[in-house]
Every structure is written in structure tokens, then in C-alpha cells.
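Subject: Structure for your review

Dear colleague,

Please find below the structure that I am handing over to you. I would be grateful if you could look through it alongside the notes that come after it.

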Amino acid sequence: AIPSASTVTVNMTDLTALGQSLSVWLVPVVTAITLHEAAHAWVADRLGDDTARRLGRVSFNPVRHVDPFGTLILPGMLLLLNAPFLFGWAKPVPVAFHRLRQPKRDMVWVALAGPGINILLALAAGLLLQPLGQMSANPLTLWLWENLKNAIFANVVLACFNMLPIPPLDGGRVLTGLLPRE
């Protein structure tokens, strides 16, 4: 049976809490994931592989890197379900490693670019927290504080996870590039 409109109650406190959660997590997570991929594309392009450039992926515009399910739907569902963790991904940037000027060495730099930008983003968020913490508390500064705190967390976790030495993660590519050919 379908409940009537009079029997359906919406708890505004729950909706407010959900909106607050989405507003302080969505921007940091989407930014961390998409800039991670953009950095791979940018470094690959600089080192000789124009595959990503030809596909319009050498861009720090997050829209070019969003995977609808992995960047928006899955993290959003995990937030809605109050999951104890967030997980997501962007569209992987295609890299033709054989087109790099020095494929074995350059593969390491391309792989390090993603986690590298995540560490830089975490550091930038940390630097921005300092002056923000000295401002008077109001809804805007509290909201910015939560965004920056979440940006540090999301970027550090993303960098650490991606540096696991397991292919196809970035750490696996770094390990492959550092090991002898034999």
C-alpha cells in the first residue's frame, strides 16, 4: 500500500544534516579525484604522450574527468547510507606509455603526478586552515573549515591508497618503472 501524503513525514533535521554532509564532502572529494586524473594527463602530455590531449583530458576542469557512477553516484550513496568510508574514482586518463620519450622513467613521473597533486592539495588546504581558524566563528567560516578539513583527509587517503604497490594503482606503476627489466 502506498502511504497517503498525511502519513508521510519528512524529518527536516535529517534533510538538513544530509545537505550539510553533502556540502562539506562533495567539493573536496570530487576535486581530489578529478584533479588526480588531470595531473596524470598533464604530465603525460608534457613527457610526450598526447593521447589525453587529443581526447580533451588535459584539463583541470573536473567535468572532463567525472565518471558519473564512480565520482558522483557511489560516493553520494555511501554518504546517504552513512557508510564508515567513502570510495570513488574518476575516468582513468588513457596513457600510451610507449609514446613517452623515455617510457620506463616517464611512466614513474606520470604515475606520481596523481598522488603528488593530492599531497599538494592537502598541504594547500592545511595552509588555508591556519588563517581561517583565527577568524570569528560564523556559519560560513565553519562550513569552509569543514570543507578544508575534509579536503586534507580525502587527498591524503587518495594519495596513500593510490601509492599501494599493486597494479593498476599508481604505486604499482611506480614499482614497475623502478624495477630492473629482468
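The notes below cover the nonpolar cores and then the pockets.

Please bear in mind that this is a predicted model.

Nonpolar cores

Ten residues form the largest nonpolar core: Ala39, Val43, Ala44, Leu47, Phe97, Leu100, Met107, Val110, Ala113 and Ile117. Two elements, helix H1 (12–46) and helix H4 (103–133), each give two or more residues to this core. The largest share, four residues, is that of H4. Leaving aside residues up to four places away in sequence, Val110 touches His40, Val43, Ala44, Leu47, Val95, Phe97 and Leu100. Another core, of nine residues, lies apart from this one and includes Val24, Val29, Ala90 and Leu158.

The largest pocket has a volume of about 1,000 Å³. It is lined by 38 residues, of which Gly88, Trp89, Leu158, Phe161 and Asn162 are the closest to its centre. Two or more lining residues come from each of H1, helix H3 (68–80), H4, helix H5 (139–162) and helix H6 (170–178); H1 has the largest share, with 10 residues. By class, this lining comprises 29 nonpolar, six polar and three charged residues.

For the second largest pocket, the volume is about 160 Å³. Its lining includes Val27, Pro28, Leu121, Leu128, Asn147 and Asn155, and H1, H4 and H5 each supply at least two of the lining residues. Nine of the residues in this lining are nonpolar and three are polar, with no charged residues.

Yours sincerely

How values were computed
Residues numbered from 1 in each chain as written. Predicted model: local features only at pLDDT ≥ 70, side-chain atom pairs only at ≥ 80, totals over all residues. Heavy atoms only, no water. Core = buried A, V, L, I, M, F, W, Y, C linked by side-chain atoms within 4.5 Å. Buried < 20%, exposed > 50% of the residue type's maximum accessible area, 1.4 Å probe, protein only. Contact = heavy atoms within 4.5 Å. 1 Å grid on protein atoms, 1.4 Å probe; cavity = no way out; pocket = protein on both sides within 12 Å on 5 of 7 lines; lining within 4 Å. Points joined across faces, edges and corners; volume = space filled by probe spheres on them. Nonpolar A, V, L, I, M, F, W, Y, C, P; charged D, E, K, R; others polar.
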